[in-house]
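Biologist: I have not looked at this one before. Can you show it to me and walk me through it?

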Amino acid sequence: MKTLETIDTPIGSYAPDFELPGIDGQVHHLSRYLEKFRAIGVISMCNYCPYVGQYIERLKLIQEEFGSQEFTLIGMNGNDTNRDLMASFESMKAFAVERGLNFPYLWDSTQDVTRSFGASKTPTAFLIDQDGVVRYRGQIDDNPQNPAAVKVQYLRNAIASLFNHQEIEITETAAIGTPLVWCT
């Protein structure tokens, strides 16, 4: 088994800049997002992860709630697409249309950005402030299976705290989800 090195960007450090293709046919740069938005939520995700499927509607609600406050989510697929056609770029486009994504969905074909962030599971959320600093990483909330039973909305709370100039109480949680498939 091949072991791959991840950089694992810690809380309080600068997020890795990226230049990735989106399903919209555009190239997306973190630096350009930082010029336009007060905060960016990067979600390590893929098309076939059951956890991502359970969270899609909640992610869309987060985008709706904070989008008018200069916030955007960015979905980033860093799975090895050579092993599974479900993870292909064309499948990403179909997934976005089928699920009605209201945020960009980017493809990290080299997995360099995914490794730099330190993502190992889908979904993993990273909240980045206007200065490019990672302020939260981990779970979206505390109950992927049942939205009605959620007690703590980690990502939503972190965004709200950031926008209200308050300390983010919980800055990191252990990601729960499907392990990323790495290129070999």
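Modeller: Let's start with the cavity. Y55, P123, G138, Q139, I140, D141, P144 and I176 line the largest cavity. Keep in mind that this is a predicted model.

Biologist: What volume does the largest cavity have?

Modeller: The volume of the largest cavity is about 50 Å³. The count is one cavity of 30 Å³ or more.

Biologist: How does its lining divide into nonpolar, polar and charged residues?

Modeller: Five residues of the lining are nonpolar, two are polar and one is charged.

Biologist: P123 is in that lining. Where does P123 lie?

Modeller: P123 lies in the loop between β6, residues 121-122, and β7. The peptide bond that joins T122 and P123 is cis, with omega about -5°.

Biologist: What is the general rule for peptide bonds?

Modeller: Most peptide bonds are trans.

Biologist: On to β7, then. How many of its residues are buried?

Modeller: Six of the six residues of β7 are buried, and the strand is mostly covered. On one side are T124, F126 and I128, on the other A125, L127 and D129, and both faces are covered.

Biologist: Which way does β7 run against β8, parallel or antiparallel?

Modeller: β7 and β8, residues 134-138, run antiparallel and are joined by four bridges. In β8, V134 stands opposite I128.

Biologist: What happens in the hairpin between them?

Modeller: The hairpin of β7 and β8 has four residues between the strands, and G132 there takes a positive phi near 90°.

Biologist: Which strand does β7 pair with through six bridges?

Modeller: That is β3: six bridges join β3 to β7, residues 124-129, and the two run antiparallel. V42 stands opposite F126 in β7, and the bridge partner of S44 in β7 is T124.

Biologist: Why is β3 said to be largely enclosed?

Modeller: Six of the six residues of β3, residues 39-44, are buried, so the strand is largely enclosed by the rest of the structure. A39, G41 and I43 point one way, I40, V42 and S44 point the other way, and all are buried.

Biologist: And how does β3 run against β4, parallel or antiparallel?

Modeller: β3 and β4, residues 71-77, run parallel, with six bridges joining them. V42 has I74 as its bridge partner in β4.

Biologist: How does the chain cross from β3 to β4?

Modeller: The chain passes through helix α2, residues 50-66, and this β-α-β crossover is right-handed.

Biologist: Staying with α2, is K60 buried or exposed?

Modeller: K60, which is found in α2, has a relative accessible area of 12%. The cut-off for buried is under 20%, so K60 counts as buried.

Biologist: What does the K60 side chain make a polar contact with?

Modeller: The side chain of K60 makes a polar contact with the side chain of E57, at 3.2 Å.

Biologist: Now R137. Where is it, and is it buried or exposed?

Modeller: R137 is in strand β8. Its relative accessible area is 8%, so R137 is buried.

Biologist: Which backbone oxygens does the R137 side chain reach?

Modeller: The R137 side chain reaches the backbone oxygen of T9 at 2.8 Å. The backbone oxygen of F117 is reached by the R137 side chain at 3.5 Å.

Biologist: Where are E70 and Q111 found?

Modeller: E70 is found in the loop between α2 and β4. Q111 is found in the loop between β5, residues 105-107, and α4, residues 112-117.

Biologist: How do E70 and Q111 count, buried or exposed or in between?

Modeller: E70 has 41% relative accessibility, so E70 counts as partly exposed. Q111 has 0% relative accessibility, so Q111 counts as buried.

Technical notes. Residues numbered from 1 in each chain as written. Predicted model: local features only at pLDDT ≥ 70, side-chain atom pairs only at ≥ 80, totals over all residues. Heavy atoms only, no water. Buried < 20%, exposed > 50% of the residue type's maximum accessible area, 1.4 Å probe, protein only. Pairing = 2+ DSSP bridges. Right-handed = clockwise from strand over helix to strand, strands pointing away. 1 Å grid on protein atoms, 1.4 Å probe; cavity = no way out; pocket = protein on both sides within 12 Å on 5 of 7 lines; lining within 4 Å. Points joined across faces, edges and corners; volume = space filled by probe spheres on them. Nonpolar A, V, L, I, M, F, W, Y, C, P; charged D, E, K, R; others polar. Polar contact = N/O pair within 3.5 Å; in protein donor to acceptor, adjacent residues only side chain to side chain.
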